[in-house]
Amino acid sequence: MTARRPFAIALAVSLAGLSAMAGAQAWQSDRGDGTYANPPLYADYPDPDIIRVGRDFYFITTTFANVPGLTIMTSRDLVNWRFVGHVIDRLEGLPEYELKKGGAYRKGIFAPSLRYRDGVFYIAVTPVGEKTRIYRSKDIRGPWTMNRISEEAFDPGLFFDTDGSAYIMTSVGSDGTNTLLSLDRDLRTVTDKRVVYFNKGAEGSKLVKRGDYYYMFNAIPFRLGMTVSRAKSLFGPWETRDQIDDKTGGHQGAIVDLPDGTDYGFVMIDAGAVGRMTNISPVFWKDRWPVWGTPDTPGRVPATATKPIQGQPVSLLPASDDFAASKLGLQWQWNHNPVASGWSLTERPGWMRLRAGQAPALWSARNTLLQKEQGPFSRGIVAIDPSHIAAGDQCGFGTFGKYNGHIAVGRGRDGRLTLTMRVIEDLADTQKTDVRVDAQPIAAKRLFLRTDMDFKTDRGSVAYSVDGRDWRTLGGDFPLAFDWRTGTFQGQQYALFCYNPGAKGGWMDVDSFTLSGR
């Protein structure tokens, strides 16, 4: 019997009542009868851009300071998605990416634009405070090369015209000015820059062409709406119509063509503590304008609809992990650039080892390992070996975002393990900490920590067990929330952490993470 078997057996026992669900997604959009329910992914995948190449759709999304960055997924029906990979291994250019000067929460990488031309994938993205970057690769899985252009294009909307010429449309919501950048054939030089339109509050521009019309989709954040503009020239004149709003399904998105030549819509919606999710929707055309929904219910994203493409099997993004692989699964990201010496999957094969780096508190602790929350309800359970947690260490599991509710395992001066339950609320310039249970002694050779997130009530809770069967909630429930001005500009995430306010300490070994729904 290997060293990890007792943990695996105990975890299996603890999940006996959930055996059919253990490791499964909390949400399955594909109903199995040729229909789907929105959203395809009940999690925070914001600022979507979706393209089709052949039979394959590709979805790229914002990742802010999370590393690796710029997540790409693929699907054959816009409903069932699989991870492809991440574009950026590490964030570069600012000390904040190393969690210095307060870090880069709510900054970093966001609003990418993905396009394809002549066998090459291109991504335009503008890190906060930097010039716009162009990534390119012949393989969607990478490797990617990068060059910068001379402009800092906010929310760059990359576009290739039918003759292959390249452009970026950029719009800054504070003034609503739509500026068109013309690029050289290789996307390295800006050859022209001009204001082509004014649309109050517009940002997040996305350009497509259908027939002899160009269509520009813009988010209008101040009223959570989306507009569509059209013109027969990229330089205008443009005319605009309101398209949709958050009450009827979303406020940032565009359309993508299906293999049969029809169009389908994708749109981001603010959905409370779970964050900003992406819905999909039928689109029909009226007077050469795209209209969300159906002729019977125009301007509305349906809660359920017939799948746009039939015959594809159900595919769920991975979530649970036994850490048996030599590399981290694509479902995991770090809170900022990690310290390579602070974690390992090989020092104890089959375990994730997190070493306690020095940090005054969780918000500034590096090597915090994150995974997307899932709604409408999800439960995460980790099995840990706490035997090498040292005095002063704070290592554990909980939520991460606007509210950080967690159980931290420590060790007192007497050598006994302790459990502390905190709820940390991120504020504009600081964090507010509510210590609900402080250093409660516990005797255990192994521990199971549980985090529940309910996005129907926007409440969370944490619990622990010493045997994987009997659970004790610690500290009561706590709020879950999304706020773009505080937190991480993301929905609540699961977090594994290990730090020491005094100095480098011991480590926590994690045997498994298991996600389930109700």
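The model is predicted, so local features are reported only at pLDDT of at least 70 and side-chain atom pairs only at pLDDT 80 or more, whereas totals for chains, interfaces and linings use all residues. Residues are numbered from 1 along each chain as its sequence is written, and side-chain values use heavy atoms, with hydrogens and water left out.

With a relative accessible area of 8%, Asp452 is buried (under 20%; exposed is over 50% and partly exposed in between, with a 1.4 Å probe and protein chains only). Its side chain makes a polar contact of 2.7 Å with that of Arg379 (N or O atoms within 3.5 Å, one able to donate a hydrogen and the other to accept it; residues adjacent in sequence count only if both atoms are side-chain atoms). Beyond neighbours within four places in sequence, the contacts of Asp452 include Phe377, Arg459 and Gly460 (heavy atoms within 4.5 Å).

Turning to the partner strand, E34 and E35 pair in the antiparallel sense over seven bridges (pairing requires at least two DSSP bridges). Met453 has Gly460 of E35 as its bridge partner, and Gly460 in turn is bridged to Phe478 in E37. In the hairpin of E34 and E35, with four residues between the strands, Asp458 takes a positive phi near 55 degrees. Because six of the seven residues of E35 (residues 459–465) are buried, this strand is largely enclosed by the rest of the structure.

Technical notes:
Helices (H or I, at least four residues) and strands (E, at least two) are DSSP runs, numbered from the N terminus.
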